[in-house]
Amino acid sequence: MTTKDLIDKIGLRPLSTFEHREVNGVFVSDMLSDVMAGAKSGNLWLTVQTHKSIVPAANLVDVAAVIVTGGKEVPQETIDIASKYNIAIMVSDLPTFELVGKLYALGSFAK
Amino acid sequence: MEISKIKDALEAVIIEANDTLEGTVEHIYASDLMSDVLAFGKPNSILLTGLATRQAVISAHMAEFKGVVFIRGKRPKDGSDHFARDHHMVLLSTQLDMYDACLRVEAVKRGEPQNHEPDATGTVNEELLLCRELIIQGSDFASAGMASTEIKSVLKTIGLDPKLVRRVAISTYEGEMNVVMHAIRARVVLSVTPRIIEVVIADEGKGIPDVNLAMQEGYTTATEEMRAMGFGSGMGLPNIRRNADELLINSEVGKGTTLVMRFTI
Ligand SMILES: Nc1ncnc2c1ncn2[C@@H]1O[C@H](COP(=O)(O)OP(=O)(O)OP(=O)(O)O)[C@@H](O)[C@H]1O
Ligand SMILES: [Mg+2]
């Protein structure tokens, strides 16, 4: 499954410009140190955080995409830096719980 | 003893030399305690020290030393070189540790010929492949994470193992965020040798009163506002401990904190 497949399958809105890539799992957290400790390279990172420092965090742990849940508005600044570093930021209008349910229903992300 | 001979014996690099590398010294004084330098150092000496600070250079100057050699590849990053230039002092840096450096200089003193093969541990001749210095401003959430991002891309370009780079990146990020959240400003120095990656984050700030407590998972003094931004789960320092091969924390309340993180290549 790639970030491109997910856009169609679960209705994500891409905000930044990025190259599509393979997704291998999902990590949900709003605490950045948790993401640092637990998210794996290639994961989708679901969060309600939208401030700029999510971009370096996403870049450092090398997640496949940041998915902002609950249709939350993302500051332009955040989107701009994300595009600069080729980090995918997408929004889902679903609350985290429902989005997780949909992703779970899609089954394994492993190839 | 000719200073140039001492430099050769220590395989040292010049940090600052003015025109005085031509000169000679009568004594060598090895110490990390500046009060000892001031009390017992004799004029016309050179200081061997592991204290890479301006204070060391100033103390040596006060004791009328001609220069300072920093051991274990240390280099002061606080404008000491300007001070040295203004006061006609020599600053050198050697990769040797204090014991080996003393042995080598002792041999020069006795007029013994020098033959230094790299030793078994590989620390001798260890060249600095890369050195970067960055500044982090406290409370600057807008640029938070930029220093670690920069360090990650630098390490990636020199082709290190991505897993290793990731550990360095995560540790540096946590150290950087701690400066942003808990300190005033910091200097980050990245050094890479063929054997080791070292990231030093030295901040000015309030310091950590109880380092053992701060190292505990979940311990935090973060404000509500920081927590709302997703920081302050009290996992930063534990994350560093997990990712770094070696972590040294030195903190002085009211002054600041220095993190030394080392990663074996
Ligand atoms: N550079 C520093 N200067 C002053 N205090 C610090 C510094 N680094 C850490 N501390 C103290 O140690 C505590 C624990 O740090 P740690 O990084 O583990 O967690 P945190 O920063 O509070 O939260 P998190 O890193 O999970 O966002 C901090 O809350 C703070 O009180
Ligand atoms: Mg922290």
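Q: Which element gives the most to the shell around ligand 1?
A: That is α7(B), with six residues in the shell. Keep in mind that this is a predicted model.

Q: Which residues come nearest to ligand 1?
A: There are 27 residues around ligand 1, and the nearest are S33(A), A214(B), T220(B), T221(B) and G236(B).

Q: How does the shell split by class?
A: The shell around ligand 1 holds 12 nonpolar and 12 polar residues, plus three charged ones.

Q: OK, on to the chains themselves. How many residues are in contact between A and B?
A: On chain A it is 16 residues, in contact with 19 residues of chain B.

Q: Which elements of chain A give two or more residues to that side?
A: Those are α2 (32–38) and α3 (54–61) of chain A. By class, the side of chain A that touches chain B has eight nonpolar residues, five polar and three charged.

Q: Switching to the sheet in chain A: what is the strand order?
A: The order is β1-β5-β4-β3-β2, an open sheet of five strands with mixed pairing.

Q: Why do β1 and β2 of chain A each have one side without a neighbour?
A: Both β1 (13–14) and β2 (25–28) of chain A stand at the edges with a single partner strand each, so one side of each has no neighbour in the sheet.

Q: How do β4 and β5 of chain A pair?
A: Strands β4 (residues 65–68) and β5 (residues 89–91) of chain A are parallel, with three bridges. In one of them, V66(A) has I89(A) in β5(A) as its bridge partner.

Q: Now chain B. Which strands does β5(B) pair with?
A: β1 (residues 13–16) of chain B pairs with β5(B) in the antiparallel sense over three bridges, and V13(B) stands opposite S93(B). β4 (residues 67–70) of chain B runs parallel to β5(B), joined by four bridges, with V69(B) opposite L92(B).

Q: Are the residues of β5(B) buried or exposed?
A: V90(B), L91(B), L92(B) and S93(B) are all buried. V90(B) and L92(B) point one way from the strand, while L91(B) and S93(B) point the other way.

Q: Last one: what unit do β4(B) and β5(B) make with helix α4 of chain B?
A: Together with α4 (residues 80–86), they make a right-handed β-α-β unit.

Methods:
Residues are numbered from 1 along each chain as its sequence is written. Chains are lettered from A and ligands numbered from 1 in the order in which they are written. This is a predicted model: local features need pLDDT of at least 70, side-chain atom pairs count only at pLDDT 80 or more; totals for chains, interfaces and linings use all residues. A residue is near a molecule or strand if its C-beta atom, placed from the backbone, lies within 6 Å of it. Ala, Val, Leu, Ile, Met, Phe, Trp, Tyr, Cys and Pro count as nonpolar, Asp, Glu, Lys and Arg as charged, and the others, Gly among them, as polar. Two strands pair if DSSP finds at least two bridges between them. Two residues are in contact if their C-beta atoms, placed from the backbone, lie within 7 Å. A residue is buried if 20 or more other C-beta atoms lie within 10 Å of its own, exposed if 12 or fewer, and partly exposed in between; C-beta atoms are placed from the backbone. A crossover is right-handed if, with the strands pointing away from the viewer, the path from the first strand over the helix to the second runs clockwise.
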